[in-house]
Amino acid sequence: ALARRIDRPIVLVGMMGTGKSSIGRRLATLLHLPFVDADEAIEEAAQLTIAEIFERHGEAAFRDGERRVIARLMDGANVHERRKVIATGGGAFVNPETRALILSKAITVWLDADIDTLVERTARKNTRPLLRQGDPREILTRLREERRPAYAEAPIHITSGRGPQARTVARVLKEID
Ligand code: S3P
């Protein structure tokens with residue numbers, strides 16, 4: 001019943017390492033909706049990896065492309081096309097224009113996690129240019145504090161703890177109902 005009532009994209013925002021992509025994928029499966037990873041869509045559009053975009057064009061250009069790709073993903077000719085789950089990169093919702101766009105068109109869910117979880121999860125994959133600039137724990141701690149006010153604009157807040165992801169997914173489902 002819940003799945004049928006959804007008429008807008010569900011957009012997951014929050015720090016790198018909170019599990020936006022894996023939680024999003026599980027959520028989409030349960031709701032029988034398509035799942036899209038915005039970072040992957042950006043890489044496909046640019047035919048470059050995120051790291052290459054940062055290296056060659058800089059972060060500002062990445063943020064601009066990110067906003068355009070997310071805008072396109074959220075749009076659809078009809079309700080059917082708009083029904084999907086989108087995981088965004090951690091900085092997307094911090095960009096004021098992208099944030100306004102997401103808030104106006106989506107059901108926005110902020111996923112948060114403690115710093116140890118972020119450090120542990122991001123260490124599994126060394127693809128994030130922002131974490132190559134110094135000590136990952138320091139960078140994550142700083143970004144998490146700086147970005148908190150932006151993320152807090154999302155109407156739904158979920159803490160993704162160390163427990164099973166299924167529990168986090170269940171919390172999200174409860175909140176969007
Ligand atoms: C970023 C997070 C990344 C990716 C890019 C920048 C950020 O996405 O978009 O490396 O600014 O927090 P994930 O949150 O999926 O790691």
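Two residues are taken to be in contact if their C-beta atoms, placed from the backbone, lie within 7 Å. The exercises below concern a predicted model.

**Exercise 1. The packing of α8 and α9**

Determine how helix α8 is oriented relative to helix α9, and list the residues through which α8 and α9 meet.

*Solution.* Step 1: two packed helices are described by the angle between their axes and the distance between the axes. For helix α8 (residues 115-123) and helix α9 (residues 136-151), the axes come within 10 Å and cross at roughly 125°. Step 2: angles of 65 to 115 degrees count as roughly perpendicular and those over 145 as roughly antiparallel, with oblique as the class for the rest, and therefore α8 is oblique to α9. Step 3: the crossing in which α8 passes α9 is right-handed. Step 4: on the α8 side the contact involves Ile 115, Leu 118, Val 119, Thr 122 and Ala 123, and these meet Pro 136, Arg 137, Leu 140, Thr 141 and Arg 144 of α9. Sorted by class, the residues of this contact are 6 nonpolar, 2 polar and 2 charged.

**Exercise 2. The packing of α2 and α10**

Carry out the analysis for helix α2 and helix α10, giving the angle, the handedness and the composition of the contact.

*Solution.* Step 1: helix α2 (residues 20-31) packs against helix α10 (residues 165-176) at an angle of about 60°, and their axes are 10 Å apart. Step 2: because of this angle, α2 is classed as oblique to α10. Step 3: α2 and α10 cross in a right-handed sense. Step 4: α2 contributes Ser 22, Ile 23, Arg 26, Leu 27 and Leu 30 to the contact, while α10 contributes Gln 165, Thr 168, Val 169, Val 172 and Leu 173.

**Exercise 3. Positive phi angles**

Where do His 32 and Gln 47 lie, and are these residues buried or exposed?

*Solution.* Step 1: most residues other than glycine have a negative phi. His 32, although not a glycine, has a positive phi of about 55°, and the phi of Gln 47, likewise a residue other than glycine, is near 55° and positive. Step 2: His 32 belongs to the loop between α2 and β2 (35-37), whereas Gln 47 is placed in the loop between α3 and α4 (50-57).

**Exercise 4. Separation in sequence and in space**

Locate Glu 44 and Arg 132, and state how far Glu 44 is from Leu 2, and Arg 132 from Leu 27, in sequence and in space.

*Solution.* Step 1: Glu 44 sits in helix α3 (residues 38-46), and because 11 other C-beta atoms lie within 10 Å, Glu 44 is exposed. Between Glu 44 and Leu 2 there is a separation of 42 residues in sequence and of 32 Å in space, C-alpha to C-alpha. Step 2: Arg 132 occupies the loop between α8 and α9, and Arg 132 is exposed because it has 12 other C-beta atoms within 10 Å. Arg 132 and Leu 27 stand 105 residues apart in sequence and 30 Å apart in space, again from C-alpha to C-alpha.

**Exercise 5. The ligand shell**

Identify the residues that surround the ligand and divide them by class.

*Solution.* Step 1: the ligand is surrounded by Met 16, Lys 20, Asp 39, Ile 50, Gly 89, Gly 90, Gly 91, Arg 128, Pro 129 and Leu 130. Step 2: divided by class, this shell holds 4 nonpolar, 3 polar and 3 charged residues.

Conventions: Residues numbered from 1 in each chain as written. Predicted model: local features only at pLDDT ≥ 70, side-chain atom pairs only at ≥ 80, totals over all residues. Helix = DSSP H or I, 4+ residues; strand = E, 2+ residues; numbered from the N terminus. Buried ≥ 20, exposed ≤ 12 C-beta atoms within 10 Å, placed from the backbone. Axes fitted to C-alpha atoms, helices over the stretch in contact; angles between N-to-C directions. Parallel < 35°, antiparallel > 145°, perpendicular 65-115°, else oblique. Left-handed = near helix turned anticlockwise from the far one by under 90°. Nonpolar A, V, L, I, M, F, W, Y, C, P; charged D, E, K, R; others polar. Near = placed C-beta within 6 Å.
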